Amino acid sequence: MTSIHAFQPLFTSTLNDYCAQRFCTPTQLTDRQWYQLIAKLAHQTALHNFPTTLPPPENQTKGRKVNYLSMEFLIGRLLGNNLMNLGIYEFVNQQLTQYGKNLVDILEQERDPSLGNGGLGRLAACYLDSMATLAQPAIGYGLHYQYGLFKQHFGSSGEQLESGDAWQRDFYPMQSHRSELAQQVGFGGEVQHIEGDRYQWQPKWQVNGEAFDLPVVGYKGVQQPLRLWQGYSETAFDLATFNEGNYLHAESRVIDAAKLTKVLYPNDNHPEGKALRLMQQYFHCACSVADILRQHLAQQRPLATLPDYEVIQLNDTHPAIAIPELMRLLLDEHQLNWSQAWEICRKTFAYTNHTLLPEALEQWDQQLLAELLPRHLLIIERIDRELYQQVQATFSAEAFENAWHETAILMNHRVRMANLCVVGAFAVNGVAQIHSDLVVSDLFPAYARLFKGKFHNVTNGVTPRRWIRQANPTLSALLDQHIQGDWTKDLTLLSQIEPLAKNPQFQTAYATIKQQNKQRLAQEIQQLTGITVNCEGIFDVQIKRFHEYKRQHLNLLNIIATYQALKANPTAPCVPRVFIFSGKAAPGYFMAKQIIQAINGVGEVVNHDPDLQGKLQVVFLPDYRVSLAEKIIPAADVSEQISLAGKEASGTGNMKLALNGAITLGTLDGANVEIADYAGAENVVIFGHTVDSVRQLREQGYAPRDYYEQNPQLKQAIDALADGTFSSGDRERFKPLVENLLNDDYFCVLADFASYVEAQQEIAKRYQNQTAWVESAILNTARLGVFSADRSIRDYQRKIWK
């Protein structure tokens with residue numbers, strides 16, 4: 001923690017200098033200027049007044065540094081979090097009050113760094129926070145995107161529109177440009193065999209990667225860097241080309257280099273997009289692996305000891321190309337033989353699998369890899385040949401064909417990156433117990449037999465510093481009053497409030513905080529959408545990336561059915577509902593964008609129907625991001641976690657919402673299973689098919705149209721989507737969505753509809769008994785401390801990193 005006594009003179013002197021340079025007094029500073037000043041102060045304090053973790057001494061091998069490779073880090077606004085972890089939040093707030101300012105208003109000036117999209121990136125950010133808090137030596141490695149994913153807004157028909165999210169990366173005050181760490185990365189070209197295991201790769205063209213460090217400040221812990229790579233070219237302008245009259249290509253080199261870090265996940269619906277994605281992933285991995293080796297060799301350590309001091313954690317398959325990249329460096333640059341290099345490599349990498357979905361298990365066209373990364377393809381081919389021999393020696397002749405079809409890295413002219421990760425890593429983990437079990441039983445059963453002891457489970461977690469302490473300060477204050485010890489660092493201490501779950505005074509205080517948070521969110525909704533919501537209604541929240549398996553359209557069908565029931569019987573008693581959505585669909589994902597447009601279409605009709613009078617409202621908050629989630633989550637009454645069983649790896653939104661007192665409405669999928677176990681079955685609402693019953697449904701021949709024909713309520717809801725009721729009479733607008741549900745419905749929306757409607761009715765019934773509802777909400781907070789990211793990191797230390 002930073003000493004206030006030491007920080008006060010720094011604050012005063014910096015403020016005086018800042019004002020003197022601008023010929024003004026502190027009271028004349030704008031909110032934007034205060035933000036720039038405080039951000040600069042926090043950054044300097046983190047760098048100069050906070051310890052940085054160092055590699056372990058020569059005789060210690062248990063404290064390996066973790067190099068966390070991830071294509072995205074959804075870090076959110078950093079200033080408030082860093083002020084809190086530095087221990088100077090209240091001091092800065094008090095100083096601002098003297099000048100008529102409020103720190104909360106100043107923090108609103110910060111843009112969310114556009115470095116991630118969904119749960120994968122947010123999990124990475126939570127883990128960096130926990131590693132810094134626990135003083136686990138670590139560096140996060142990502143990319144310094146200029147525009148990130150995209151900024152979301154909606155067209156006149158409710159369709160998602162995308163624009164570049166220019167978050168001003170070049171002017172972000174909490175980063176350091178590390179020009180001395182620049183790396184050079186090659187693409188294309190030819191490969192020549194030198195001798196033995198050594199080859200020489202002569203790339204056709206090269207780009208440079210420059211590093212930018214963002215300090216990750218742990219809570220009463222240490223600060224460690226999130227190192228982000230940005231593409232650039234040293235040749236910014238080709239004068240000869242310009243003078244020849246080829247004006248448009250005079251700056252082509254710098255433009256091509258910059259493309260690598262323009263956006264997160266370039267659209268890969270065309271060959272150019274696929275090539276750019278692969279180049280982007282390799283650029284990320286090449287810069288990061290080179291930096292890891294640089295640090296190791298700078299300590300005068302032999303390469304053979306790399307696994308003793310470093311572990312490279314691959315966050316999903318995106319960084320898989322790091323495995324052949326490390327092999328290339330060890331073989332060609334450092335002249336190790338294959339056995340030596342592979343021994344180092346397979347003891348250095350660990351792989352976290354985040355999904356069972358085929359599209360997330362990346363595959364690259366073998367020819368594309370040959371064109372862009374020819375040396376890496378040669379290395380992968382040899383790994384595959386040696387794997388073939390291992391599989392052949394392990395399985396019987398009868399079982400070999402199926403086993404090889406599952407385990408091969410190269411198959412049908414495709415390079416299967418998840419398979420490369422499993423083969424090249426010393427450990428593989430899933431992110432919830434049910435997911436980890438399915439990884440072994442359904443996804444990689446042959447690998448589990450081939451590599452005994454390699455597969456593990458580490459259930460995800462979230463950082464309580466951001467998701468309770470910062471996002472829900474009034475609940476945090478209540479917890480501080482009733483908990484002995486620092487729950488911010490040991491979330492299991494939340495169990496101390498369990499005896500208070502039936503206490504009327506505590507229930508009143510807890511419920512009052514929830515209502516205040518709902519009112520604050522209502523103001524945000526009014527500001528963003530112009531909709532005035534009923535704060536006495538249930539705030540039913542589904543906030544996550546849009547994907548068919550997450551089944552936002554199941555939620556939508558129930559909303560339509562509820563609307564139709566209210567229209568048919570306007571005087572019937574009902575519990576008011578406010579359905580709140582937020583999340584983005586990938587630009588090339590047509591069906592997910594259809595679902596977004598349909599939600600907006602339904603909302604347009606429902607919210608303007610005078611018969612409803614606040615009984616039912618539908619809100620879609622645009623441009624979902626961390627700072628918006630921090631306002632939604634504390635206000636939620638119901639947490640929608642309704643993915644098809646067996647498809648959601650874990651989820652972390654479910655944990656954040658439940659810890660803040662939302663009741664989980666979900667399937668037995670991902671971490672929902674463990675949330676139900678810890679919270680108690682009576683404090684969640686579970687519905688729908690299980691993993692086993694989904695499997696049986698498919699084996700019997702799932703026919704979604706049968707459910708449509710046999711359930712009048714479902715039929716009426718789908719027909720309303722089809723007949724133009726929610727599309728200004730346009731019967732074509734939602735035709736693809738309707739046809740998908742009736743003729744395919746791979747994610748069994750119609751099969752789970754009736755069960756989901758019953759679950760929603762159970763929610764309404766429980767909500768009417770507010771005493772019991774608040775008790776359940778309190779028990780969710782009290783019993784779910786196990787879902788701290790600190791516990792997850794300790795599990796990684798114990799099970800994976802040793």
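At roughly what angle do the axes of α22 and α23 cross? Select both and look along them: the axes cross at roughly 20° and come within 10 Å. An axis here is a line fitted to C-alpha atoms, for helices over the stretch in contact, and angles run from 0 to 180 degrees between N-to-C directions. Helices (H or I, at least four residues) and strands (E, at least two) are DSSP runs, numbered from the N terminus.

Before we move on, some housekeeping. This is a predicted model, where local features need pLDDT of at least 70 and side-chain atom pairs count only at pLDDT 80 or more, while totals for chains, interfaces and linings use all residues. Residues are numbered from 1 along each chain as its sequence is written, and side-chain values use heavy atoms, with hydrogens and water left out.

**Stop one: α22 and α23**

With that angle, α22 and α23 are therefore roughly parallel to each other. The cut-offs are these: under 35 degrees is roughly parallel, over 145 roughly antiparallel, 65 to 115 roughly perpendicular, and the rest oblique. Their crossing is left-handed, a word used if the near helix is turned anticlockwise from the far one by less than a right angle; clockwise makes it right-handed.

Now show side chains. On α22, pick Gln552, His553, Leu556, Ile559, Ile560 and Tyr563; on α23, pick Ile595, Ala598, Ile599, Val602, Val605 and Val606. These make the contact, meaning heavy atoms within 4.5 Å. By class, the contact of α22 with α23 has 10 nonpolar, 2 polar and no charged residues. Nonpolar covers Ala, Val, Leu, Ile, Met, Phe, Trp, Tyr, Cys and Pro; charged covers Asp, Glu, Lys and Arg; the others, Gly among them, are polar.

**Stop two: α29**

Select residues 712-722, which form helix α29, and colour its buried residues: Leu714, Ala717, Ile718, Ala720 and Leu721. Buried means under 20% relative accessible area, exposed means over 50%, and partly exposed lies in between (1.4 Å probe, protein chains only).

Why do these residues sit on the same side of α29? They cover an arc of only 155° around the axis, and that puts them there; the arc is that of the directions from the helix axis to the C-beta atoms. The buried residues of α29 pack against α22 and α23 from our first stop, and also against α28 (704-710), α30 (735-743) and α31 (749-767).

While you're here, look at the loop between α30 and α31, where you'll find Asp745. Asp745 has a positive phi of about 50° although it is not a glycine. For background, most residues other than glycine have a negative phi. With a relative accessible area of 2%, Asp745 is buried.

**Stop three: α2 and α3**

Jump to residues 31-48 (helix α2) and 79-86 (helix α3), which pack at an angle of about 45° with their axes 10 Å apart. That angle makes α2 oblique to α3, and the crossing is left-handed. Tyr35, Ile38, Ala39, Ala42, Thr45 and Ala46 of α2 meet Leu79, Leu83 and Leu86 of α3. Sorted by class, the contact of α2 with α3 has 8 nonpolar, 1 polar and no charged residues.

**Stop four: α14 and α15**

Next up are α14 and helix α15 (residues 397-407), whose axes cross at roughly 150° and come within 10 Å. This crossing is right-handed. Asp384, Leu387, Tyr388, Val391 and Gln392 of α14 make the contact with Phe400, Ala403, Trp404 and Thr407 of α15. Those residues divide into 6 nonpolar, 2 polar and 1 charged.

Stay on α14 (residues 374-394) and find Arg375. Is Arg375 buried or exposed? At 2% relative accessibility, Arg375 counts as buried. Not counting residues up to four places away in sequence, Arg375 touches Val191, Asp197, Tyr199, Trp201, Arg328, Leu331 and Asp332.

**Last stop: Asn412**

Finish in the loop between β13 (410-411) and β14 (414-416), the place of Asn412. Phi of Asn412 is near 55°, a positive value in a residue other than glycine. Asn412 is exposed, with a relative accessible area of 60%, whereas Asp745 is buried.
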